[in-house]
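Here is a short report on a protein model.

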Amino acid sequence: MRPILMKGHERPLTFLKYNREGDLLFSCAKDHTPTVWFADNGERLGTYRGHNGAVWCCDVSRDSTRLITGSADQTAKLWNVQTGTQLYTFNFGSPTRSVDFSIGDKLAVITTDPFMELTSAIHVKRIARDPSDQTGESVLTIKGPQGRINRAIWGPLNRTIISAGEDAVTRVWDTETGKLINESDKESGHQKTVTSLAKSADWSHFLTGSLDKSAKLWDTRTLTLVKTYVTERPVNAVAMSPLLDHVVIGGGQEASHVTTTDRRAGKFEAKFFHKILQEEIGGVKGHFGPINALAFNPDGRSFSSGGEDGYVRLHHFDPDYFNIKMGSLWKHIILELHEAID
C-alpha cells in the first residue's frame with residue numbers, strides 16, 4: 001500500500017472528514033485554514049480562509065454544499081464548499097471544539113470549551129436553507145459536565161446527542177428537553193480523557209478512543225459496552241470501516257515525550273483491529289508524530305490519517321486487504337468449532 005502524502009498544512013492535523021460520496025476529503029489543522037482535497041489522488045482543491053485560531057473540527061452537509069468548522073478563535077463558521085466563501089459566523093465566549101450536522105442538515109450541534117467562568121456547553125443551532133436567513137440563536141443549550149467535551153455527535157433520527165470528553169464519561173442527551181438520558185458505566189467505561197468518537201454506518205453502534213490506551217465499542221441504544229480494543233499507546237483517533245468488520249486506531253505518545261526520531265519508537269502507526277474478535281490484524285506506519293485524525297472513505301476502499309507532523313496520508317487498500325483478513329477470521333471460527341466438537 002503506497003500512501004499518497006498530502007502536504008498542505010503547516011501545523012499538526014486535528015480532524016479529517018470525507019463527504020458522503022467519498023470524492024472529497026476535508027482536513028483541519030492548528031494552522032487556521034481548513035483544506036479540501038480530491039480523495040482519489042490527493043490533489044488540493046482549495047482552502048477556507050477566515051479563522052484566527054486552530055481549527056479543531058469540521059463537518060460537511062449531505063449534499064456537499066455546506067461546510068461547518070469549529071475553531072479556538074471562539075467561532076464556528078459556515079462555508080460554501082464550492083466557492084470557499086464564508087456564509088455565517090456563530091460567535092461564542094469560549095473556544096469551539098466539536099461540530100456536527102444533523103441528519104437532514106437542518107440543525108448543527110456545536111460544543112464549547114470551559115473558559116474563564118464559563119463551563120463546557122453543547123449548543124444546537126438551526127441551519128437555514130438560505131444563508132441570508134441564518135441567525136445565531138440556539139435552539140437548545142445544554143450545560144456540560146466538568147472539563148472539556150471533545151466530541152458531540154447526533155444520535156439516530158436526531159433524537160439524541162452523544163458527547164464524550166475529559167471526564168472519561170460518554171453521555172446521551174435528549175435533543176427535545178436537553179436532559180441527560182444515559183451515561184457510560186464508570187467501571188467498564190474509559191478511565192481517562194475520551195479523545196475521539198466515530199459512529200457506524202447504520203448508527204447501531206459507535207466507537208470511542210481514549211488516553212487510557214484503549215478504544216471501546218458501544219451499543220447506541222442502550223449504551224452498553226460491546227467490545228474493547230487495547231493498545232500500548234494513548235489513542236487520539238478512531239475510525240470504523242463501513243465495508244468490513246475492521247476498526248482503525250491511531251495515536252502515540254505526545255511528541256514532547258519522545259526522545260528519539262525513530263518513527264517506531266513513539267508507536268506512531270495506525271493499528272487495525274477485527275471489530276468482533278478484538279484482535280490486532282495489522283498496522284500502517286509512516287507518520288513521524290502521533291496520529292491525531294483518522295477517517296475511512298464511505299466506500300471502505302481507502303482511509304486517511306493526519307498526524308502531528310502536518311501530513312495527511314491517504315491510503316488506497318490493495319486487493320489483498322479485502323481477501324487476507326477474512327482468512328484469519330475463518331481460521332479462528334474453525335478452531336473454535338474443532339474445540340467445541342472435541
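## Nonpolar cores

The largest nonpolar core holds 23 residues. Phe26, Tyr48, Leu67, Ile68, Val81, Phe90 and Ile110 have the most contacts inside it. A nonpolar core is a set of buried Ala, Val, Leu, Ile, Met, Phe, Trp, Tyr and Cys residues joined through side-chain atoms within 4.5 Å. Strands supplying at least two residues each include E3 (24-29), E7 (66-71) and E11. E6 gives the most, with four residues. Strands are DSSP runs of at least two residues, numbered from the N terminus. A second, separate core has 13 residues, among them Val248, Phe272, Leu294 and Tyr321.

## Basis of the model

This is a predicted model: local features need pLDDT of at least 70, side-chain atom pairs need 80 or more, and totals for chains, interfaces and linings use all residues. Residues are numbered from 1 along each chain as its sequence is written, and side-chain values use heavy atoms, without hydrogens and water.

## Histidine 123

Histidine 123 sits in strand E12. Its relative accessible area is 11%, so histidine 123 counts as buried (under 20%; exposed is over 50%, partly exposed in between; 1.4 Å probe, protein chains only). Its side chain makes a polar contact of 3.0 Å with that of threonine 112 (N or O atoms within 3.5 Å, one able to donate a hydrogen and the other to accept it; residues adjacent in sequence count only if both atoms are side-chain atoms).

## Phenylalanine 115

Phenylalanine 115 lies in the loop between strands E11 (107-112) and E12 (121-126). It is partly exposed because its relative accessibility is 33%.
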